[in-house]
Amino acid sequence: MLYYKKISSPLGEITLRSDGESLTGLWFADDKHYSDKDIQNAQTAELPVFALAEKWLEKYFAGCKPKVKVPLQFTGTDFQKCVWKILQNIPYASLVTYGDIACEIAAQRGLARMSAQAVGGAVGRNPLCIIIPCHRVIGADGSLTGYGGGMWRKVRLLEIEKVDMSKLTVPTKGTAL
(Lines give C-alpha, C1' and ligand atoms only; values in the text may rest on other atoms or scores of the structure.)
Protein backbone atom coordinates (compact mmCIF):
# COMPACT_ATOMS: atom_id res chain seq x y z
CA MET A 1 0.00 0.00 0.00
CA LEU A 2 1.19 3.51 -0.79
CA TYR A 3 0.43 6.62 1.21
CA TYR A 4 0.91 10.31 0.53
CA LYS A 5 0.76 13.70 2.11
CA LYS A 6 0.91 17.14 0.53
CA ILE A 7 2.67 19.85 2.49
CA SER A 8 3.50 23.51 2.04
CA SER A 9 7.08 24.70 1.76
CA PRO A 10 8.79 28.03 1.11
CA LEU A 11 9.27 26.84 -2.49
CA GLY A 12 5.73 25.61 -3.09
CA GLU A 13 3.67 22.52 -2.47
CA ILE A 14 5.55 19.27 -1.92
CA THR A 15 4.16 15.77 -2.18
CA LEU A 16 5.51 13.09 0.16
CA ARG A 17 4.95 9.41 -0.68
CA SER A 18 5.58 6.37 1.48
CA ASP A 19 5.21 2.61 1.56
CA GLY A 20 4.21 2.96 5.22
CA GLU A 21 7.73 2.62 6.59
CA SER A 22 10.08 4.57 4.31
CA LEU A 23 9.84 7.70 2.23
CA THR A 24 9.55 6.63 -1.42
CA GLY A 25 8.89 9.99 -3.04
CA LEU A 26 9.33 13.71 -2.48
CA TRP A 27 8.64 16.18 -5.27
CA PHE A 28 7.31 19.64 -6.00
CA ALA A 29 3.76 19.96 -7.35
CA ASP A 30 4.94 21.06 -10.80
CA ASP A 31 7.86 18.63 -11.10
CA LYS A 32 8.82 17.66 -14.63
CA HIS A 33 8.92 13.91 -13.91
CA TYR A 34 6.52 13.31 -11.01
CA SER A 35 2.89 14.29 -10.52
CA ASP A 36 -0.39 13.20 -9.00
CA LYS A 37 -0.30 10.13 -11.25
CA ASP A 38 2.45 8.85 -8.96
CA ILE A 39 0.01 8.79 -6.03
CA GLN A 40 -3.16 7.77 -7.89
CA ASN A 41 -3.35 4.43 -6.04
CA ALA A 42 -2.22 5.87 -2.72
CA GLN A 43 -4.25 7.14 0.19
CA THR A 44 -3.63 10.16 2.36
CA ALA A 45 -2.23 9.42 5.78
CA GLU A 46 -0.37 10.81 8.75
CA LEU A 47 2.66 8.56 9.19
CA PRO A 48 5.76 8.75 11.41
CA VAL A 49 7.95 8.82 8.29
CA PHE A 50 6.06 11.88 7.04
CA ALA A 51 6.63 13.60 10.39
CA LEU A 52 10.36 12.84 10.09
CA ALA A 53 10.46 14.16 6.52
CA GLU A 54 8.64 17.33 7.54
CA LYS A 55 11.08 17.86 10.41
CA TRP A 56 14.00 17.33 8.01
CA LEU A 57 12.55 19.84 5.54
CA GLU A 58 11.82 22.36 8.30
CA LYS A 59 15.49 22.30 9.36
CA TYR A 60 16.66 22.43 5.75
CA PHE A 61 14.51 25.42 4.80
CA ALA A 62 15.69 27.18 7.97
CA GLY A 63 19.21 27.04 6.48
CA CYS A 64 20.52 24.25 8.69
CA LYS A 65 22.04 20.94 7.71
CA PRO A 66 19.37 18.46 8.88
CA LYS A 67 20.50 15.79 11.29
CA VAL A 68 17.15 13.98 11.25
CA LYS A 69 17.41 10.58 9.59
CA VAL A 70 14.57 9.78 7.24
CA PRO A 71 14.30 6.15 6.09
CA LEU A 72 14.39 6.14 2.28
CA GLN A 73 13.39 3.53 -0.26
CA PHE A 74 13.58 4.12 -3.98
CA THR A 75 12.72 2.08 -7.04
CA GLY A 76 14.59 2.40 -10.31
CA THR A 77 17.07 0.69 -12.58
CA ASP A 78 20.39 -0.51 -11.16
CA PHE A 79 22.07 2.42 -12.92
CA GLN A 80 19.63 4.96 -11.45
CA LYS A 81 20.08 3.51 -7.96
CA CYS A 82 23.86 3.73 -8.35
CA VAL A 83 23.59 7.42 -9.32
CA TRP A 84 21.14 8.18 -6.49
CA LYS A 85 23.45 6.56 -3.93
CA ILE A 86 26.28 8.81 -5.14
CA LEU A 87 23.97 11.84 -4.86
CA GLN A 88 23.31 10.96 -1.22
CA ASN A 89 27.02 11.32 -0.51
CA ILE A 90 27.37 14.86 -1.87
CA PRO A 91 28.13 16.95 1.21
CA TYR A 92 25.78 19.76 2.22
CA ALA A 93 26.61 23.01 0.37
CA SER A 94 28.99 21.20 -2.03
CA LEU A 95 28.75 20.76 -5.77
CA VAL A 96 29.76 18.00 -8.16
CA THR A 97 29.47 17.72 -11.93
CA TYR A 98 27.65 15.12 -13.97
CA GLY A 99 31.10 14.17 -15.26
CA ASP A 100 32.39 13.64 -11.70
CA ILE A 101 29.56 11.18 -11.09
CA ALA A 102 30.19 9.48 -14.45
CA CYS A 103 33.88 9.04 -13.56
CA GLU A 104 32.97 7.57 -10.17
CA ILE A 105 30.58 5.06 -11.73
CA ALA A 106 33.12 4.13 -14.42
CA ALA A 107 35.73 3.49 -11.71
CA GLN A 108 33.27 1.39 -9.68
CA ARG A 109 32.44 -0.71 -12.73
CA GLY A 110 35.97 -0.96 -14.11
CA LEU A 111 35.07 0.95 -17.26
CA ALA A 112 37.25 3.39 -19.18
CA ARG A 113 34.44 5.96 -19.19
CA MET A 114 30.75 6.51 -18.52
CA SER A 115 28.36 8.94 -20.20
CA ALA A 116 27.71 12.13 -18.24
CA GLN A 117 24.52 12.44 -20.29
CA ALA A 118 23.30 9.07 -18.98
CA VAL A 119 24.09 10.28 -15.46
CA GLY A 120 22.02 13.40 -16.18
CA GLY A 121 19.04 11.25 -17.12
CA ALA A 122 19.26 9.34 -13.85
CA VAL A 123 19.77 12.51 -11.81
CA GLY A 124 16.63 13.95 -13.41
CA ARG A 125 14.61 10.90 -12.35
CA ASN A 126 15.54 11.25 -8.68
CA PRO A 127 12.30 10.40 -6.82
CA LEU A 128 13.36 12.08 -3.55
CA CYS A 129 14.39 15.63 -4.40
CA ILE A 130 16.12 17.76 -1.78
CA ILE A 131 16.79 14.81 0.57
CA ILE A 132 18.70 13.11 -2.25
CA PRO A 133 20.39 16.34 -3.33
CA CYS A 134 20.27 16.34 -7.13
CA HIS A 135 20.27 20.15 -6.98
CA ARG A 136 23.99 19.95 -6.07
CA VAL A 137 24.91 18.60 -9.52
CA ILE A 138 26.13 21.10 -12.12
CA GLY A 139 27.56 21.13 -15.62
CA ALA A 140 31.32 20.77 -16.18
CA ASP A 141 31.50 24.45 -17.21
CA GLY A 142 29.92 25.61 -13.95
CA SER A 143 26.45 26.03 -15.42
CA LEU A 144 23.34 25.15 -13.52
CA THR A 145 21.62 22.64 -15.75
CA GLY A 146 18.32 20.90 -15.40
CA TYR A 147 16.13 20.51 -12.35
CA GLY A 148 12.78 18.73 -12.46
CA GLY A 149 11.30 21.16 -9.95
CA GLY A 150 12.33 24.20 -12.00
CA MET A 151 15.63 26.02 -12.34
CA TRP A 152 14.54 28.80 -9.97
CA ARG A 153 14.14 26.18 -7.22
CA LYS A 154 17.61 24.78 -7.89
CA VAL A 155 18.99 28.29 -7.45
CA ARG A 156 17.01 28.81 -4.23
CA LEU A 157 18.09 25.44 -2.79
CA LEU A 158 21.75 26.29 -3.41
CA GLU A 159 21.20 29.73 -1.87
CA ILE A 160 19.61 28.12 1.20
CA GLU A 161 22.81 26.07 1.57
CA LYS A 162 24.86 29.25 1.13
CA VAL A 163 26.71 27.85 -1.89
CA ASP A 164 29.04 30.42 -3.48
CA MET A 165 27.18 31.14 -6.71
CA SER A 166 29.67 33.74 -7.98
CA LYS A 167 31.44 31.33 -10.36
CA LEU A 168 28.31 29.57 -11.57
CA THR A 169 26.39 30.33 -14.72
CA VAL A 170 22.73 30.70 -13.84
CA PRO A 171 20.22 30.60 -16.69
CA THR A 172 18.06 33.70 -16.71
CA LYS A 173 14.93 31.97 -18.03
CA GLY A 174 12.77 30.50 -15.26
CA THR A 175 14.80 31.68 -12.26
CA ALA A 176 12.36 34.31 -10.97
CA LEU A 177 9.98 33.49 -8.14
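Is Cys134 buried or exposed? Cys134 is buried, with a relative accessible area of 8%, where buried denotes under 20% relative accessible area, exposed over 50% and partly exposed in between, computed with a 1.4 Å probe on protein chains only. The structure is a predicted model, in which local features need pLDDT of at least 70, side-chain atom pairs count only at pLDDT 80 or more, and totals for chains, interfaces and linings use all residues. Residues are numbered from 1 along each chain as its sequence is written, and side-chain values use heavy atoms, with hydrogens and water left out.

The cysteines were considered next. The structure holds zero disulfides, a disulfide being a pair of cysteine sulfur atoms within 2.5 Å. Cys64 takes part in none, the nearest cysteine sulfur, that of Cys129, being 19 Å away. Cys64 counts as partly exposed, at 36% relative accessibility. For Cys134, the closest cysteine sulfur is that of Cys129 at 6.2 Å, which is too far for a bond.

The largest nonpolar core has 48 residues; such a core is a set of buried Ala, Val, Leu, Ile, Met, Phe, Trp, Tyr and Cys residues joined through side-chain atoms within 4.5 Å. Leu23, Leu26, Val83, Leu87, Val119 and Ile130 have the most contacts inside this core. At least two of its residues come from each of β2 (14-18), β3 (23-28), α1 (48-61), α2, α3, α4 and α5 (151-160), with helices (H or I, at least four residues) and strands (E, at least two) taken as DSSP runs numbered from the N terminus. Helix α1 gives the most, with seven residues. A second, separate core of eight residues includes Ile138, Leu158, Val163 and Leu168.

Within helix α2 (residues 78-88), the buried residues are Phe79, Gln80, Cys82, Val83, Trp84, Ile86 and Leu87. Their cover includes α3 (98-109), α4 and β6 (137-138). Val119 is in contact (heavy atoms within 4.5 Å) with Phe79, Val83, Tyr98, Ile101, Ala102, Ile105 and Met114, not counting residues up to four places away in sequence.

Helix α5 is largely enclosed by the rest of the structure, because eight of its 10 residues are buried. These are Met151, Trp152, Arg153, Lys154, Val155, Leu157, Leu158 and Ile160, and the buried residues of α5 pack against β3, α1, α3 and β6. The helix is followed by Lys162, whose phi is positive, near 60°. Val163 lies in the segment after α5 and is buried, with a relative accessible area of 10%. Not counting residues up to four places away in sequence, Val163 touches Ala93, Leu95 and Leu158.

Pockets were identified on a 1 Å grid over the protein atoms alone, as open sets of points where a 1.4 Å probe fits, with protein on both sides within 12 Å along at least five of seven lines; lining residues have an atom within 4 Å of a point. The largest pocket has a volume of about 400 Å³, volume being the space filled by probe spheres set on the points, which are joined across faces, edges and corners. Of its 16 lining residues, Trp56, Pro66, Lys69, Gln88 and Ile131 are the closest to the centre. The second largest pocket, of about 280 Å³, is also lined by 16 residues, with His33, Gly124, Gly146, Tyr147 and Gly148 nearest its centre. Helix α4 (residues 116-124) provides the largest share of this second lining, three residues.
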